[in-house]
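Trainee: Please take one part of this structure and go through it closely. I am new to it and would like one connected account.

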Amino acid sequence: KEPPAVDLTLATLGRDGTARPIDRPPGRMVRRSGDARVRVNHFAFSVPNLSIPRGSRITWRFGGQERHDATLASGPAGFASPSSYRGDRWSRRFDEPGEYRIYCSLHPVYMSQYVRVR
């Protein structure tokens, strides 16, 4: 039996210390014509808003002493990277077009990413 689909929302920490839902992180959309690399360090994804063509791969490179991951909150196909740090890398190919909302499950109100697959 298939588990039920669950859509989570991205969030950010408000000035009052309360988590607030967001559609996507602030900042401009970065468009790539193929594969993309994203650094994960200092409680941030280096490219918070990313547009890639279908079939492209994103490689997340994790830096620093803190563990992070890249986990799907909502989108066409679920995934989660292992908890990683200190130069670890993890990649995923995006074969289904759509909107992917990704967050670090260890630091959900600090770290989110929006990926549009064209």
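Mentor: Glu-99 and Arg-101 join their side chains in a salt bridge, with 3.3 Å from N to O. This is a predicted model, and the distance belongs to that model. Glu-99 is partly exposed, at 40% relative accessibility. Arg-101 has 17% relative accessibility and counts as buried, because the cut-off for buried is under 20%.

A search of the whole structure gives two salt bridges. Asp-16 and Arg-20 also form one through their side chains, at 2.5 Å from N to O. There, Asp-16 is exposed, with 51% relative accessibility, a value that counts as exposed because the limit is over 50%. Arg-20 is partly exposed, with a relative accessible area of 38%.

Back to the part in question. In soluble globular proteins, nonpolar side chains tend to be buried together.

What does Tyr-100 contact, leaving aside neighbours within four places in sequence? Its contacts include Leu-72, Ser-74, Gly-75, Pro-76, Ala-77 and Phe-79. Phe-94 is in contact with Tyr-100 too, as are Gln-113, Tyr-114, Val-115 and Val-117.

Terms used. Residues are numbered from 1 along each chain as its sequence is written. This is a predicted model: local features need pLDDT of at least 70, side-chain atom pairs count only at pLDDT 80 or more; totals for chains, interfaces and linings use all residues. Side-chain values use heavy atoms; hydrogens and water are left out. Contact means heavy atoms within 4.5 Å. A salt bridge is a side-chain nitrogen of Lys or Arg within 4 Å of a carboxyl oxygen of Asp or Glu. Buried means under 20% relative accessible area, exposed over 50%, partly exposed in between (1.4 Å probe, protein chains only).
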